[in-house]
Amino acid sequence: MINKSVRRMERERRKLLSTEKKYLAELKVLARQNNHSAAKILIKDLTRLRKQCDQYLLMQSQLKSIGFQVSTLQAQTEVNAALRGATETMTRVNETMDVKEIQEVMKQFVRNVEKMGVNMDLMEDALDNGESDIVGDADQAYEQLLSEIGLEIINGETVPTNKLRGSGEKSDIKNIEQQLQDLKS
């Protein structure tokens, strides 16, 4: 509502400003024609018009100020209502709250947290043991793989073994030697 009035006043002020421009143009024409009596009457109207523009501007700013005050009061009213509701809720909670019951619940909570900590420690130990078994099994499987392809780890380095296992490896060596001879020829 206030904003609507402010916009209406702004429109009226703009109309007055455009009228002022027309009066100025007309005054210049009258002054060039040496029609001083008509010019003096028109200049009085122009002065009244300017004062009216200033009054519209003043009323506009006052209306805006009132609008800000109204919105501030509305916000304060909403905050007061919210605080009233919060106060009522806190009063009800205080009436229904049993301090001994809360202490008992907190003690149970602490006990359960301690149990969970013990269970977590046991689970971590079990996982660590399982991990060491996996590492051992992985090492054993890797050594078996190396021995199948004719390699072994000595002092952290992989070196070929002197033993050949199985007839499959002998036939592989013969195939490789045959391919080498085919390439040479």
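A salt bridge is a side-chain nitrogen of Lys or Arg within 4 Å of a carboxyl oxygen of Asp or Glu. The model shown here is predicted. Its chain has four helices and two strands. The radius of gyration is 50 Å, well over the 16 Å that the globule rule gives for 185 residues, so the chain is more spread out than a compact globule.

**Overall build**

- Along the sequence, the elements follow the pattern α-α-α-β-β-α.
- The C-alpha atoms fill a box of roughly 135 × 85 × 25 Å, taken along the principal axes.
- Of the 185 residues, 10% count as buried.

**Salt bridges**

- Side chains of opposite charge can pair when their charged atoms come close.
- The structure holds seven salt bridges.
- Lys15 and Glu12 are three residues apart in helix H1, so about one helical turn separates them.
- Glu12 is partly exposed, because its relative accessible area is 31%.
- Glu10 also forms a salt bridge, with Arg14 as its partner. Their closest N and O atoms are 3.5 Å apart.
- Glu10 and Arg14 both sit in helix H1, four residues apart, which is about one turn of the helix.
- The two ends of this bridge have their own accessibility classes. Glu10 counts as buried at 18% relative accessibility, whereas Arg14 counts as exposed at 52%.
- Arg13 joins Glu10 and Arg14 in a network of salt bridges.
- In helix H2, Glu88 and Arg92 are four residues apart, so they too are separated by about one helical turn.
- The side chains of Glu88 and Arg92 meet in a salt bridge, at 3.9 Å from N to O.
- Glu88 counts as partly exposed, because its relative accessibility is 42%.

**Charged surface patches**

- Lys4, Arg7, Arg8 and Arg11 form a positive surface patch.
- Lys4, one of these residues, lies in helix H1.
- Asp121, Glu124, Asp125 and Asp128 form a negative surface patch.
- Asp125 belongs to helix H3, which covers residues 99-148.
- With a relative accessibility of 46%, Asp125 counts as partly exposed.

**Nonpolar surface patch**

- A nonpolar surface patch covers about 610 Å².
- Val93, Met97, Ile102, Met106, Phe109, Val110 and Val113 make up this patch.
- Helix H3 gives the most to the nonpolar patch, with five residues.
- Ile102 is found in helix H3.
- Ile102 counts as partly exposed, because its relative accessibility is 40%.

**The loop between H1 and H2**

- Helix H1 spans residues 2-32 and helix H2 spans 36-96, and Asn34 lies in the loop between them.
- Asn34 has a phi near 60°, a positive value in a residue other than glycine.
- Is Asn34 buried or exposed? Asn34 is exposed, because its relative accessible area is 58% and the cut-off for exposed is over 50%.

Methods. Residues numbered from 1 in each chain as written. Predicted model: local features only at pLDDT ≥ 70, side-chain atom pairs only at ≥ 80, totals over all residues. Heavy atoms only, no water. Patch = residues over 30% accessible without salt bridge, like charges linked within 9 Å, V, L, I, M, F, W, Y side chains within 5 Å. Areas by Shrake-Rupley, 256 points an atom, 1.4 Å probe, with all protein chains shown as cover. Lys, Arg positive; Asp, Glu negative; His and termini not counted. Charge placed at Lys NZ, Arg CZ, Asp CG, Glu CD. Buried < 20%, exposed > 50% of the residue type's maximum accessible area, 1.4 Å probe, protein only. Rg over C-alpha atoms; globule rule 2.2 N^0.38 Å.
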